[in-house]
Amino acid sequence: MRHSDAVAGSEGRPSFAYVLYIESSAADVWRALTDAERTAAYWGHANVSDWQPGSSWEHRRTDGTHGADVVGTVLEATPPTRLVTTWALPGGERPGGPSRVTFGIEEYGEIVRLTVTHEDLADEAERAEAARGWAAVLSNLKTYLETGRGLAKAPWLMP
């Protein structure tokens, strides 16, 4: 179902890649990544943007506070096959700049191969944190797309 690897990013900074296969269409995967209501249904955050290159985006909480835990810029948007964004904490400059996330969406009949690459992570600790987070979120995304609902419990809360 999945494959993940640690890979070197630019300037030797850690990166993380995760590949999974989903019984879905590329268009549905794209909508699940970019539609605020859909991301809220499986991610616990609403991804909010107009998804145009150069636009900002926010990863907003769904707990009623609507605070953004991650912000960034849309670098590339080619529906329904490729989305590239920067990732940063709101209000803070990180040494070396923001990290970057690329979603590659490839349709093959009734399934989709989704490749998520998170590059330019600060260090090995941030890479390990990203690996744990992406595994939980992408498992929930797969369940959501294949069943119409997320997992019974938020997987990122599991000790």
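This is a predicted model: local features need pLDDT of at least 70, side-chain atom pairs count only at pLDDT 80 or more; totals for chains, interfaces and linings use all residues.
Residues are numbered from 1 along each chain as its sequence is written, and side-chain values use heavy atoms, with hydrogens and water left out.

Me: How many salt bridges does a search of the whole structure find?
Reply: A salt bridge here is a side-chain nitrogen of Lys or Arg within 4 Å of a carboxyl oxygen of Asp or Glu. With that rule, the search of the whole structure gives nine.

Me: How far apart are the closest N and O atoms of Asp28 and Arg31?
Reply: Both residues lie in helix α1 (residues 26-34), three residues apart, about one turn of the helix. Helices are DSSP runs of H or I with at least four residues, numbered from the N terminus. Asp28 and Arg31 form a salt bridge, and their closest N and O atoms are apart by 2.1 Å.

Me: Is Arg127 buried or exposed?
Reply: Arg127 meets Glu124 in a salt bridge (2.9 Å, N to O). Buried means under 20% relative accessible area, exposed over 50%, and partly exposed in between (1.4 Å probe, protein chains only). Glu124 is partly exposed at 45%. Because its relative accessible area is 14%, Arg127 is buried.

Me: Which residue does Arg113 meet in a salt bridge?
Reply: Arg113 is partly exposed, with a relative accessible area of 32%. The side chains meet at 3.1 Å, N to O, and the partner is Glu106.

Technical notes:
Helices (H or I, at least four residues) and strands (E, at least two) are DSSP runs, numbered from the N terminus.
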